[in-house]
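Please open the model in your viewer and keep the selection panel at hand. The tour below goes from one selection to the next and says what is found at each.

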Amino acid sequence: MSSWIVTNLWLIPAVPLGASFIILSLVNSRRRTAAALAIIGQIVAFVFAITAFLPTLYLPGFRAIHNFTWFTFGDQALRIGWMLDPLAAAMMVMITLVGLCIFVFSVGYMADDKNFSRFFSYLSFFSGAMLGVVIANSLLLLFVSWELVGLASYLLIGFWIERPSAAAAARKAFITTRIGDLGFFLGMLWLYHNSGTLLFYDQGRGCLENAGLLAIGASATFIALLIFCGAVGKSGQFPLHVWLPDAMEGPTPVSALIHAATMVAAGVFLVARVYPLFSLGAVNGVTPSLTVVVSVGVVTALMASLIALAQFDIKRILAYSTVSQLGLMMVSLGVGGVAAGIMHLIAHGFFKALLFLGAGSVIHGLHHEQDIRKMGGLRWIMPVTFLTYAIGMMNLSGVPFFFSGGWTKEEILHSTAHWRVSPLPHYLMLAGVILTALYMTRQIIYVFLGSARNTDFQSVRPAESHSAEAATTTENISVVRTDQRPVFHAHESPRVMTMPLIVLALCSILFAFVLTPAWPWFHAYLNGEPARVDFTLLIQPMLFFSLALVAGGIGLGWLIYRRIPDPLARARPGLFRFLENKMWVDEFYEQTVITFSRILARLADWLDRYFWDGLVRLFAGIGQALGVLSKGFDDHGINAGVDETMSGTRGFGRLIAAAHSGQIQTYLGAIAIGMLLLLVLYAWLG
Amino acid sequence: MAWLITTLIVAPVVGAFLVGAMRNYARSVALAFNLITAIGAFLLWRSFDCSLSGLQLVERHSWIPAIGAEYLVGVDGLSLLLVILTSLVFPFALLAQSRPAGDRGFCALMLIMQAALYGTFTAQNFVLWFLFYEMSLIPAFLLIKIWGGEKRDRAATKFFLYTFLGSVAMLLAFLGIYFAKGTFDFAGLGELAKTGDLLTGNFTWLAFAGIFLGLAVKVPLFPFHTWLPDAYETAPTGVSMVLTGALSKMGVYGFIRLLLPLFPNEIKILGPWLLTLAVCSIVIAPLAAWAQSDLKRMVAYLSINHLGYCMLGLFAVTATAARPLVEMQAALSGVFMQIFNHGITAAALFYFVGLLEQRRGLRGIDDFGGLMQRAPLFCGWMSVAMFSSLGLPGLNGFIGEFLIFKGSFAIAASFTAVAVLGLLFTAIVFMRVMQSLFSGPLIETGVAFADLRANEKWVVVPVTLLMFAIGIVPQFLFNIFNSTVVQMARLFS
Amino acid sequence: MTPTLQLFLIISTALFSIGLLAALSRRHAIFILIGIELMLAAANLNFIAFWRFSPEPHQPTGVLVAIFSIAIAAAEAAVGLALVIAIYRHYHTTSVDKLDQLKG
Amino acid sequence: MNSVAFLLIAIITLAGALAAATLPRLIHAALSLVVAFVGVAASFFLLGAEFVGLVQVFVYVGAVAVLIVFTILLTRREVTGERGVNWGGAIVALAVFGGLLWTIFKTKSLALAAPQIEPLTVKRIGEALMTNYVWPLQCIGLVLTAALIGALVLVMEEKREER
């Protein structure tokens, strides 16, 4: 069984990919079939993922590979392959499970979209590509899937294609991540050159095994950093984080699946996958490349959580929180806590998908209103959404005991505490915890507590909401006109959307039980060790300290944000504007990099039109001068053809015309001179 | 089966005369003859033994013994690849071209050009090769001159003079070599060059310069490229497809067959400069493309960029001192792949731009908007071509580029590192195109914009399927030229 | 001393230059023709000389080329003189100075 | 090979040629040309190409020179004994002479003595003409015919116009 699933691991990505292409070839009107196909594909992939997961449970440190030749060039073979190990298996299960929830959610969320089936095709395509990233045992296969994932992200961000802002965001995302991918590409080339293979594991010959690492030697730092560029782009790390908040232009399920739970985490996954490269030659677990990872992570995490404090778009807050959580994971990997980082990745996958879907549910219920200033008081109208959202918020803020996010964050803080280089990341991450609690509290208060602030929405009491829930969403856009202003009924989402929320909330809670220090099963599973049970480990000073911090953060948030409008905006308007405008990073890039390359493009065009062409014209002119000299070389045509400026043409034309005296003897003399010149040339060449 | 190659060369010429002689059905006859050549190319492929490295299916007749000219044709992996590419591009180009006035002449000229291309790719003697090489130039000139868009006179003259001057330089250089060594045989000259007694003294540099100029203009290599945007922009769709799909390969082919084997030392001396030119082609061309507003011109610039990758690989293989065999094979395979892929992809892109122009008479990037709402199929298939061109994995463009970069990174790392920027700029250009053409609100030109028609699908679907096939299971293409790559890598090292 | 190839070549060079002189400096059309004939004779002399001094003189290539060349020269002279007559009839001059119909 | 004969022939040839090129009267020049051609023919004899020498005499002295004289007679009305030498032409001719001479002296391999050969019989020339060179021979025949017809047409057409 286990060998069968290893050789046929390709089925896991292939099933959603196949589903995607089948859906794409369907007519747009076959909506039910499309959704059904996508969901069935996802379920099949999930079942396969579980099948692949099971064998990894029996043996600690299980790793099975299947390599084969993709193609041969010259007499060399390019081999790729896939692998099954705890990391891949855990990721697969997470991706397929979260994906499944989001697919189901989308059925409700996208119900009245006219390109419904195309949406599911793209989603399936994404899912397949993402699973490809996870199972790859070759950096090349990983890169291939990586790019396909980027393509899917591009297509889905720009899904509402008639919106110019969506198209711009999609383009920005594609190009920004591609900048990182260039580094990744170069790193891959370098790695291939040094180690002679791109396979991670190949019975001792892979590039992550001893022989390969030995061959890589000192250049490992550069290779690792170049590969890290790819991760920076994909995971929205500073300085390439700018695309991720803009990517929220896509439909909310897309934000949940791609830009929160899976794709953006691929960067973290990549670093974890090639971790031997990063840690090669480590002294006390510290290498230059890992230090860079930590620095980038710290900057990203803090910056993003600060910006999140000043945003008003419900999805953008979550986007910045994603960026900051990814930074946190990078920090964890950088300080050596690989397992901790991956645990947080998976936990984050569950609860961030949950939060985004919750936000989607809110947006859906408010008929595509995203500004949190216009929300409020939704806890009565959307009880299920509120409850699950609160669970997600607890996870994200890092409340331990019942919430997986709390435990994983705990692990990360532990890892940072033991970093040899500097204690600074540890303290900054503690500050990050407070900030996270702050902005999440702010969001919850704005959205769900208090009373409705927007007159466009009529708050509906819980008693009425049942009828709304029963009805399908398409019928729910009932507009009541009062005072010439449309008044929408805010409503709880249909069951097809709330069920995924509940499932995800349960996942994020249940997952917590394999993360506790008392029984760190998941940690051990990832590290390939047997897990031990020790309840005394539950009592740790660190745990209580961070609990205090979280509580402090939430309490502070409650104190500050009880009163709306935003007190920070009132107290420090300058600072608030700075944060609200995303620290002006976008504007900075616009003014520097983008403008610069635009100018470069204009320059290239100008050079081409005038300089190079002019040079050619100059050469043509020299040719013509030679023609005048030899008095027989009729190159009037060259002039007419190449010379754009007609006056020059005419001048040369006259010169040449003067050479055509019509006298036979002049021509004859020119021929003689030509012969003489050839003679001289011949003599010179000897 | 030795007569196969001759059949391939002669059949289009016969077709051209037949088309010229008949009053009607020019297009159908031309397509029928393309079917014949396609079958011929297929038979050639089948009877070609991929495991052997040398020339195969050689046909040899004495022609003008006094000047060492022979009728010597034969194929190795590279030639076969290009013959197949030519056989693919021409029928699609004929299908793509809407019937112009004077269709008879158009089809006849296209067929003659096709014959010339087959000849160029199979001839193994310089005189014969040069004859075919020039033979392709005249139909191309006439096709642009007669059926081109506005500014066609200027563009055609520029195209002709540029390439013709290059050819003259090359011819002179070769005459010099002939007088020095008395042979026009590619293989014989290669042997002489290998032992180091092809030429000596100043004359070597003159000959090198002549041949280099001729080929660099044809490819074109930066900064000899300025004829290309004008020519591609003005040429009618079918001709643009052929120019970029098949004709531009003649230059690269010439580099591989002539310049690199004959002048190894000169190339080594000029190595960094040549690599710089290739990198300039790669980086500057897409930048210039970014600044264009005419789609056809933009694709033309990107074509320069893609051929720049070929040049990078070739120069990396020959121009530097330390060269592991593995990397050379990678770079060469990449170049061969890229030749083929660029032929397919760029032709497809020109086809799509041609469709836009045919539908609305416009091809400015700002003339369209929101087409996705009206013509999703059109946009989808065109996006595939664009993604293939920007090197998305899973489509054909990626494999060639990956191998070129793999090979040349190991040999000339710094140049390759800069060249990677070309990938970014290409992506930026295509993103710009997609954004302004497909997305946003539907603008006036897009109203009642027809989606792909059935006859257009006959062109689009096979080509796109081929792109996917090469991108996912490229082995069938590698099989054609693997032994040739091994042999060539040995030759260059 | 027997004459070497070099001497013959010098003679033919001199002959050629004299022909060139005639063709370039005289205005009468017939002089130009005479000059051309002289140059052709110089070329023929070269052919024969190279044949005679070549390592393989039993191949009569040089001789045959010279014969062909003489034949072509004869044809050229005939046509050239006919042209002179025709031009004379038309323009009533044989001075090439006055014939500049091709002036650009 | 007799060097005295060579010297004599050289002097006759060059003198005749120089006279043909520089004498002011056309008819004198034409007669000097005959001398030069005879000289060239003599050097052919000296080089052992007797047949070519004979052809030279027949064709040039017998046909071309006579043709030239006829032409002179036909166009006699304008005998403006031209004055003033075109110095440009002379300089160019001198430069070419110098250049060629320089090249000849520079090429060391030219100082050869003639090898011994068996005489080249007319039979061998005939065989060569009828075997290896039969195509060029045919072409020459065609060219001559064309030249003949062309010359005739050129001269006749003018007459028709005059009428």
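Predicted model: local features only at pLDDT ≥ 70, side-chain atom pairs only at ≥ 80, totals over all residues.

Residues are numbered from 1 along each chain as its sequence is written, and chains are lettered from A and ligands numbered from 1 in the order in which they are written.

**Chains C and D**

Select chains C and D, which share the most contacts of the 4 pairs of chains in contact; two residues are in contact if their C-beta atoms, placed from the backbone, lie within 7 Å. Here 60 residues of chain C are in contact with 70 residues of chain D. On the side of chain C that touches chain D, the elements giving two or more residues are helix 1 (5–25), helix 2 (29–53) and helix 3 (61–91) of chain C, where helices (H or I, at least four residues) and strands (E, at least two) are DSSP runs, numbered from the N terminus. Helix 3 of chain C supplies the largest share of that side, 22 residues. Coloured by class, the side of chain C that touches chain D shows 44 nonpolar, 12 polar and 4 charged residues, with Ala, Val, Leu, Ile, Met, Phe, Trp, Tyr, Cys and Pro counted as nonpolar, Asp, Glu, Lys and Arg as charged, and the others, Gly among them, as polar.

Chain B and chain D do not touch either, with their nearest C-alpha atoms 12 Å apart.

**The hairpin of chain A**

Next, select residues 64–73 and 76–84 of chain A, which are strand 1 and strand 2 of that chain and pair in the antiparallel sense over 9 bridges; two strands pair if DSSP finds at least two bridges between them. Ala64(A) has Leu84(A) in strand 2 of chain A as its bridge partner, and Phe71(A) stands opposite Leu78(A) in strand 2 of chain A. The two strands form a hairpin with 2 residues between them, and Gly74(A) in the turn has a positive phi of about 60°.

**A helix pair in chain B**

Move to helix 12 (residues 295–319) and helix 16 (residues 396–411) of chain B, whose axes come within 9 Å and cross at roughly 35°; axes are lines fitted to C-alpha atoms, for helices over the stretch in contact, and angles run from 0 to 180 degrees between N-to-C directions. To see where they meet, show Tyr309(B), Leu312(B), Gly313(B), Ala316(B) and Val317(B) in helix 12 of chain B against Glu401(B), Ile404(B), Gly407(B), Ser408(B) and Ile411(B) in helix 16 of chain B. This contact of helix 12 with helix 16 of chain B has 6 nonpolar, 3 polar and 1 charged residues.
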